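Here is a short briefing on how two chains meet.

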Amino acid sequence: MSPRQRGRLGGYAEEVAAAMRRRRDVRRPRVRVRVDHGEARVLAEGSPEADRLLALAREMLDEPEETLDA
Amino acid sequence: MLTRMAATAHDLALRYLLELSADIRGALLMDRGGDLVASAGLLPPEELAETGRRIVREVSGLAPDGDQTVEVDVFAGRGALFVLAEDAHVMVCTTNRSVNPGLIFYDMHAVLRDIDRAAAAEERREASHGQREAAGSGA
């Protein structure tokens with residue numbers, strides 16, 4: 001395999017890895033809060049409020065229990 | 001204000017919300033005290049009132065002043081939960097994951113405004129009815 005082919009293969013692998021990372025980030029649970037039409041903030045992963053709200057969401061959505069940082 | 005409005009009007013409002021957005025699977029309406037006012041759509045029937053009360057408690061904790069408008073969206077593995085606390089009500093919706101949160105909140109705000117407007121109109125109607133009765137008995 002020529003260095004050029006190796007480079008192209010490496011490029012493809014990086015693209016696939018980046019796509020998988022993006023997909024994982026998009027599917028990661030998150031809790032976002034906005035008070036009084038202000039700036040929205042994402043609650044920290046593993047914070048008690050975020051975990052409680054996520055657990056409530058899972059109850060309503062009929063999903064198995066899991067925490068944000070799981 | 002809530003008790004002066006027929007319960008069916010709240011149910012109808014939630015059904016209208018489900019018609020507004022095909023992405024919304026189910027909806028709950030509570031007062032700020034956490035009491036369940038109405039529900040519609042696909043929701044787990046067990047302990048719905050208690051779950052609603054816990055959601056209101058959590059949202060109240062995020063707004064220390066009490067009567068502030070609070071929007072919360074929670075994206076879980078297979079779906080999303082949206083909570084909107086505004087004026088006298090707290091509305092909760094469940095959707096699939098592939099939704100635009102801004103659009104869901106837009107529909108929720110619209111329906112909550114309609115509910116508040118209907119309750120205010122009902123209150124005015126009852127007040128004018130009471131005044132007419134008082135004037136009639138005084139004559």
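A:Arg34 stands opposite B:Glu71, a residue of strand 3 of chain B. The setting is a strand pairing across the two chains: strand 1 of chain A, residues 30–35, runs antiparallel to strand 3 of chain B. Six bridges join these two strands. The model is a predicted one.

**The contact between the chains**
- Chain A brings 21 residues to the contact, and chain B brings 23.
- On the chain B side, the elements that give two or more residues are helix 2 (48–62) and strand 3 (70–75).
- By class, that side of chain B holds 11 nonpolar residues, seven polar ones and five charged ones.

**The fold of chain B**
- Chain B has three helices and five strands.
- Read from the N terminus, the order of its elements is α-β-β-α-β-β-β-α.
- Take the contacts in chain B between residues at least 6 apart in sequence: 49% of them join residues at least 24 apart.

**Extent and burial of chain B**
- Along the principal axes, the C-alpha atoms of chain B fill a box of roughly 65 × 35 × 30 Å.
- Chain B has 139 residues, of which 33% count as buried.

Technical notes: Residues numbered from 1 in each chain as written. Chains lettered and ligands numbered in written order. Predicted model: local features only at pLDDT ≥ 70, side-chain atom pairs only at ≥ 80, totals over all residues. Contact = placed C-beta atoms within 7 Å. Helix = DSSP H or I, 4+ residues; strand = E, 2+ residues; numbered from the N terminus. Nonpolar A, V, L, I, M, F, W, Y, C, P; charged D, E, K, R; others polar. Pairing = 2+ DSSP bridges. Buried ≥ 20, exposed ≤ 12 C-beta atoms within 10 Å, placed from the backbone.
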